[in-house]
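Please report on the ligand surroundings in this model, then on its fold and one of its helices.

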Amino acid sequence: MSFVANRENFADLPLFLELAEDLGVDSVAVTPKFLLFSREDLERFYVSARTIEAKLSSALKNKNYSFSIRTTGLEPYPENDCFAGAVNAAFISASGLVSPCCNLGHPVPRYNPRWQKPKYFFLTFGNVCQRPLDEIWNLPFYRDFRQKLSQGRVPLECRGCHLLPAKKGFLG
Ligand code: SF4
């Protein structure tokens, strides 16, 4: 079972864990709601990872749940990569398009308060139906993209993405 924590459901996290135990699930994932499409989204849904983590810790205190718990996005932000792990992983769409992450592969609008509007970036480096993945992975402009991220530089397409390291992202 997966819990996408946001301001509206946040208080129910302890109940969610109880429910998971009652249902006998093997594994529970807890993650913040990453995608924000507008200022209204930000105000309505945003809860910091630190707050979610504190809530999760308190909900687990003195409990002995039988399921495993996986968190994504509650850990400290990576120093020189993003939460999508784009330096070491790729997103491949149903039609075979290879992108650094699902944000850039769909594309999903990203809201950044500084811009006051969502940004849409779409970035793909090739299609695995036409070319082997390792060839696409090693294309110079894809290597350059990953090198920038791994050096803590922000590729143009990633600007404003809140999955960046906190010091470079906008929400932290
Ligand atoms: S930082 Fe770039 S590669 Fe990473 S999730 Fe954001 S848009 Fe994708």
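Around the ligand sit Cys 82, Ala 84, Ala 86, Pro 100, Cys 101, Asn 103, Leu 104, Cys 158, Cys 161, Leu 163 and Leu 164. Near means a C-beta atom, placed from the backbone, within 6 Å of the molecule. The shell divides into 10 nonpolar residues, one polar and no charged. Ala, Val, Leu, Ile, Met, Phe, Trp, Tyr, Cys and Pro count as nonpolar, Asp, Glu, Lys and Arg as charged, and the others, Gly among them, as polar.

The model is predicted: local features need pLDDT of at least 70, side-chain atom pairs count only at pLDDT 80 or more, and totals for chains, interfaces and linings use all residues. Residues are numbered from 1 along each chain as its sequence is written.

The protein has six helices and eight strands. These are DSSP runs (helices H or I, at least four residues; strands E, at least two), numbered from the N terminus. Their order is β-α-β-α-α-β-β-β-α-β-β-β-α-α. Buried residues account for 22% of the 172 residues. Buried means 20 or more other C-beta atoms within 10 Å of a residue's own, exposed 12 or fewer, with C-beta atoms placed from the backbone.

Helix α6 spans residues 140–150. Its two sets of residues are listed here.

Seen down the axis of α6, the buried residues fall within an arc of 60° (directions from the axis to the C-beta atoms), so they line one face. Cover for them includes α5 (133–137). Gly 152 follows α6, with a positive phi near 80°.

Notes
Contact = placed C-beta atoms within 7 Å.
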